[in-house]
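Dear colleague,

Please find below the structure for your records. The findings follow after it.

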Amino acid sequence: MERSNLAGPRPAEPLAGLADRLRTARRISVLTGAGISAASGVPTFRGEDGLWRQYRPEELATARAFERDPALLWEWYGWRRETIARCSPNAAHDVLARWSRGGDRTTVVTQNVDDLHLKADTERLVRLHGSIWELSCSIGCCAEGRSGWRDERVPMPGVPRCRHCDAPARPAVVWFGEMLAEADLRAAVQATACDVFLTVGTSSVVYPAAGLVEQAHANGAFTAEINAEATPATVVVDLAIHAPAEVVLPEIDRLLL
């Protein structure tokens with residue numbers, strides 16, 4: 001496994017080698033996490049900006065927390081929505097969006113709920129954890145054949161209601177302890193059948209997403225990690241580049257020209 005760090009001398013060889021693999025790949029898959037949106041100003045779950053008031057996300061992003069105090073949970077999501085509404089896609093989002101529009105060979109799988117990939121016009125996007133801009137019914141009427149809906153109001157006026165049955169609405173995201181949507185998980189697993197698999201800006205600790213790079217490696221893909229710091233995936237991938245995605249991806253994109 002090869003490692004590079006853009007904080008030191010420019011690792012031209014590893015980046016050029018990765019660009020060569022991307023250039024000739026028939027199928028490219030990219031898994032993104034919170035780190036790709038950090039440069040856009042989106043707070044990450046982990047690290048110094050992961051704390052909201054005295055709460056950690058793991059305490060709030062659960063069905064039990066919603067049942068206990070929906071107003072508190074929506075206050076947190078309201079703060080997150082207002083923060084994200086001020087953010088724009090950065091250079092890393094733009095590169096992946098451009099790759100996704102260059103034919104049908106690139107698939108982007110994201111753990112992020114900020115929809116910055118959508119804002120960058122990314123095609124063939126799999127949103128594993130849903131969207132903070134979409135709502136669903138908290139008592140399940142949407143799961144019974146009525147679909148969720150998009151609501152981009154900022155600020156959100158208190159606890160929103162289900163537009164179908166008037167029950168309290170919840171964010172249409174996957175909370176801790178919940179299963180991923182079957183169709184999204186299936187699409188993510190299918191994406192591991194590729195020639196090059198990149199994991200970008202993810203801590204590689206949340207499963208099942210964290211296991212996708214290992215599955216891609218087992219399928220014969222060349223795997224690379226692009227992240228500001230080492231993660232559990234570092235020892236698994238063929239190439240680890242420890243630098244911000246908004247720096248690395250534009251450099252690789254330039255080498256592809």
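Helices and strands are DSSP runs, of at least four residues (H or I) for a helix and at least two (E) for a strand, and they are numbered from the N terminus. Please note that this is a predicted model.

Cis peptide bonds

With the elements named in that way, Pro155 falls in the loop that links β6 (149-150) to β7 (169-173). The peptide bond between Val154 and Pro155 is cis, with omega at about 0°. A cis peptide bond also joins Tyr207 to Pro208, and there omega is about 10°. Pro208 belongs to the loop between β8 and α9 (212-218).

Positive phi values

The loop between β8 and α9 also holds Ser204. Although Ser204 is not a glycine, its phi is positive, at about 60°. Is Ser204 buried or exposed? Ser204 has a relative accessible area of 7%, and it counts as buried because the limit for that class is under 20%.

Arg124 is a residue other than glycine with a positive phi, near 50°. Its place is the loop between α7 and β4 (125-127). Arg124 has a relative accessible area of 30% and is therefore partly exposed, as that class lies between the 20% and 50% limits.

The surroundings of Leu118

Helix α7 spans residues 116-119 and includes Leu118. Leu118 is partly exposed because its relative accessibility is 35%. Leaving aside residues up to four places away in sequence, Leu118 touches Leu125 and Arg127. Between Leu118 and Ala97 there are 8.5 Å in space, C-alpha to C-alpha, and the two are 21 residues apart in sequence.

Strand β3 and its partners

β3 and β4 pair in the parallel sense, over three bridges. The pairing of β2 with β3 is parallel as well, and comprises five bridges. Here Thr32 stands opposite Thr110 in β3.

How many residues of β3 are buried? The strand covers residues 106-110, and five of its five residues are buried. Both faces are covered, with Thr106, Val108 and Thr110 buried on one side and Thr107 and Val109 buried on the other.

Nonpolar cores

The largest nonpolar core comprises 26 residues, and Leu18, Leu198, Leu249 and Ile252 have the most contacts inside it. Which elements give two or more residues to this core? They are the helices α1 (12-24), α6 (91-100) and α10 (245-256), together with the strands β2 (28-32), β8 (196-200), β9 (222-227) and β10 (239-242). Another core, of 25 residues, lies apart from this one; among its members are Val42, Leu60, Ala61 and Ile132.

For Leu198, the contacts can be given by name. Not counting residues up to four places away in sequence, Leu198 touches Leu18, Leu22, Ser29, Val30, Leu31, Trp99 and Ala224.

With kind regards

Conventions: Residues are numbered from 1 along each chain as its sequence is written. This is a predicted model: local features need pLDDT of at least 70, side-chain atom pairs count only at pLDDT 80 or more; totals for chains, interfaces and linings use all residues. Side-chain values use heavy atoms; hydrogens and water are left out. Buried means under 20% relative accessible area, exposed over 50%, partly exposed in between (1.4 Å probe, protein chains only). Contact means heavy atoms within 4.5 Å. A nonpolar core is a set of buried Ala, Val, Leu, Ile, Met, Phe, Trp, Tyr and Cys residues joined through side-chain atoms within 4.5 Å. Two strands pair if DSSP finds at least two bridges between them.
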